[in-house]
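Subject: Structure handover

Hello,

Here is the structure you asked for. Please open it and keep it beside you as you read.

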Amino acid sequence: GKHFPVKNHPDYPALQLLCTILGGYFGSRLMSNLREDKGYTYSIQSSPVSFVHEGVLLVFSEVKADKTSEAIKEIFHEMNRLCEELIPEKELKNVQNYLLGRILEDFDGPFSRAHNFAGLHEFNLGYEYYDRLIRTIKTTTPGQLRDLAQRYISPGSMICVVAGTEEK
C-alpha cells in the first residue's frame, strides 16, 4: 500500500474507478489473475481508504505461504499493466456499470443514506459530490486512467508488508 488522496481530493472519484478495476470487485484484474488464473488466493482486494486528513491505498489478501513471492510479483504486474496499457473499452464499461449500481445500492434504505450523508459532512463535501462521482465514472477515459495509474499506483511507490510465515 501507500499514502493516497482522500475523498475530498479532485482525483479521488477517478481513482475509485481505477482501484475498482485493479481489485475492487469480483471481476477485477487482481481477482482474475491471482484467484482465477493462478489459484494463489481465495480473495484479493485493492481499496482506497479515506480518513479525515490522510488516505491509504491497500492491496490485501491471504495467500498460500509458498506462493507469497509469486503473488507479490503478479500484483505488481497488474499495477504495471495499468500504468503502461490502455484499459479496453469493454472492461471499462463493465466497471462503470458495476460502480453505478453500487452507488444505487449505497443509498438503499434510510441507514445507508444517513451513513453516506455523514461521510459528506466528515469530508466537508457538498451533495454535488455524488453528481461529480457519477459524471467521473461515466466520462473518465482509458488514457486518463493510465495517467492516474502512473501518478498514483506505480509499483515503485508501494510499500510491501508480508505478515505470517513466508516460505523460502
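Predicted model: local features only at pLDDT ≥ 70, side-chain atom pairs only at ≥ 80, totals over all residues.

The core. The largest nonpolar core has 39 residues. Leu18, Ile21, Leu82 and Ile153 have the most contacts inside it. Six helices each supply at least two residues: α1 (12-23), α2 (29-37), α3, α4 (89-106), α6 (128-139) and α7. The biggest share comes from α1, with 8 residues.

Leu82. Find this residue next. Leaving out residues up to four places away in sequence, Leu82 touches Leu18, Ile21, Leu22, Arg29, Ile87, Arg146, Ala149 and Ile153.

Two helices that meet. Packed helices are described by the angle and the distance between their axes. Take α3 (residues 68-84) and α7 (residues 142-152). Their axes come within 7 Å. They cross at roughly 130°. Angles over 145 degrees would count as roughly antiparallel, and 65 to 115 as roughly perpendicular. The pair α3 and α7 is therefore oblique. On the α3 side, Leu82, Cys83 and Glu84 make the contact. On the α7 side, Arg146, Ala149 and Gln150 do. The residues of this contact divide into 3 nonpolar, 1 polar and 2 charged.

Helix α2. Which residues of α2 are buried? They are Arg29, Leu30, Met31, Asn33 and Leu34. Their cover includes α1, β2 (41-50), β3 (55-63), α3 and α4. After α2 comes Gly39, which has a positive phi, near 70°.

Best wishes

Key: Residues numbered from 1 in each chain as written. Heavy atoms only, no water. Axes fitted to C-alpha atoms, helices over the stretch in contact; angles between N-to-C directions. Helix = DSSP H or I, 4+ residues; strand = E, 2+ residues; numbered from the N terminus. Parallel < 35°, antiparallel > 145°, perpendicular 65-115°, else oblique. Contact = heavy atoms within 4.5 Å. Nonpolar A, V, L, I, M, F, W, Y, C, P; charged D, E, K, R; others polar. Core = buried A, V, L, I, M, F, W, Y, C linked by side-chain atoms within 4.5 Å. Buried < 20%, exposed > 50% of the residue type's maximum accessible area, 1.4 Å probe, protein only.
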